[in-house]
Amino acid sequence: MPKKPVSFDGEVILNSVTACVFVIAPDSTIKFVNTSGEQLLQASAKYLEGRPLEEYIPADSPVHALIAQARTDRSNVSENSITIESPRIGKHLVNAHASPLIEDTSLIILTMTKRSLADQIARQLKHRSAARTITAMSAMLAHEIKNPLSGIRGAAQLLETTASDEDKPLTKLITDETDRICALVDRMESFSDGRPIKREAVNIHQVLEHVRQLAQNGFGKHVRFTEQYDPSLPPVFGNKDNLIQIVLNLVKNACEAAIHDTAEITLTTAYQHGVRLAVPGSNTRVHLPLLVSIQDNGPGIPDDLRNQLFEPFVTTKAKGSGLGLALVAKMIGDHGGLIECESEPNKTIFRLMLPMYSEKHHGPLTV
């Protein structure tokens, strides 16, 4: 059966690319914006068209100078690593390109490519490499440490039966510390489970609501929770128990960071286009359109720790083991997803990018 001819509609093509594309009029208003541009400015094309670009990108941004230069010189101009930031759209690092429209040089085509996605993927691969390293190490530690620890604990219990009242606290200290080390090794053993996880369609809002209730009835009693959910979000292709563990770990960290009287955590879900990750060993790419964000208003993560945040034994807590976020990175990797962190004083956001469940494929949506 002959294939139907493909219709090359310009607007459809522009809406399919991951770069943000704008057409800017001589009065600096937006005449056209594609789907990726809508996501960057967090508004619909219908609302944006005819509005000044300055409402979303500050007037002192290099982006406006780039547009002016392209209009004056009637030539293509580019600039890399531009930071655009405003209360409406947040903070983004982009590569920008401006060029006059051939048919009407008074109109400028502005394209911006977010650099963060490439950085996210590179960092995620680093996170997975760290997880693989600790996987091998944890398997060895479980075998080499737990056996002698049980002997130490048994000896301490035996000593306790004949110890004086003055010495009994010392034997209790030995057994308590032995139990603490065993618990740490047990936690590390979870890294060494390389079996594929069982996955199915999961309602991510049920996961978030379950974790919120756990937090508000326990470690997060002092925190005000705000929910900004997209109710039309399709299900995640994942393991519900693992997703609960991932979100619980991140929410617990957020609650511990936001310790002041005005502590607040915002849970957000959204659908984003254009995020895909290659499946190792094949030509398949998995769509990661489901975005889950956990934001707190704590003091933020120190600059020197941000790049190593998901590596084992890196922690900001005085008594932390540094395994929580490493385990989160491993479990996100098991789902084929991405995790990213953005932090500054009074604002830390962990973003999870997860695959959606496809009824057609009975698995993740792929291309």
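Arg 212 is placed in helix H7. The model described here is a predicted one. With a relative accessible area of 15%, Arg 212 falls under the 20% limit and therefore counts as buried. Leaving out residues up to four places away in sequence, Arg 212 touches Phe 225, Glu 227 and Leu 267. Arg 212 and Glu 227 are 15 residues apart along the chain, and their C-alpha atoms are separated by 9.7 Å.

**The sheet and the helix across it**

Five strands make up an open sheet with mixed pairing, and their order is E7-E9-E12-E14-E13. Strand E7 (224–228) and strand E13 (338–344) are the edge strands, each pairing on one side only. On average, and with direction ignored, neighbouring strands of this sheet are turned by 15° against each other. E7 runs parallel to strand E9 (residues 264–271), and 5 bridges join the two. Thr 226 stands opposite Thr 266 in E9.

Which helix lies across E7, E9, E12, E13 and E14? Helix H8 (residues 240–257) does so, running at about 25° to strand E12 (290–296).

Ser 293 belongs to strand E12. Its relative accessible area is 10%, so Ser 293 is buried. Apart from neighbours within four places in sequence, Ser 293 is in contact with Thr 266, Leu 267, Thr 268, Ile 349, Phe 350 and Arg 351.

**Nonpolar cores**

The largest nonpolar core has 41 residues, of which Ile 204, Leu 250, Val 251, Phe 350 and Leu 354 touch the most other members. Two or more residues of this core come from each of helix H7 (204–216), H8, E9, E12, helix H10 (324–334), E13 and E14. The greatest contribution is that of H8, with 8 residues. A second core of 27 residues is separate, and includes Ala 45, Leu 48, Ile 82 and Ile 89.

What does Ile 204 touch, if residues up to four places away in sequence are not counted? Its contacts are Leu 233, Val 236, Leu 243, Thr 269, Val 292 and Leu 354.

**Aromatic rings**

A search of the whole structure gives 1 aromatic pair. Phe 237 and Tyr 357 form this pair, which is tilted, with 6.0 Å from centre to centre and 35° between the planes. Why does the pair tie together parts that are 120 residues apart in sequence? The reason is that Phe 237 lies in strand E8 (residues 236–238), whereas Tyr 357 lies in strand E15 (residues 357–358). Phe 237 counts as buried because its relative accessibility is 10%. Tyr 357 is also buried, with a relative accessible area of 15%.

Notes: Residues numbered from 1 in each chain as written. Predicted model: local features only at pLDDT ≥ 70, side-chain atom pairs only at ≥ 80, totals over all residues. Heavy atoms only, no water. Phe/Tyr/Trp six-rings, centres within 6.5 Å; stacked < 30°, edge-to-face > 60°. Helix = DSSP H or I, 4+ residues; strand = E, 2+ residues; numbered from the N terminus. Buried < 20%, exposed > 50% of the residue type's maximum accessible area, 1.4 Å probe, protein only. Pairing = 2+ DSSP bridges. Axes fitted to C-alpha atoms, helices over the stretch in contact; angles between N-to-C directions. Contact = heavy atoms within 4.5 Å. Core = buried A, V, L, I, M, F, W, Y, C linked by side-chain atoms within 4.5 Å.
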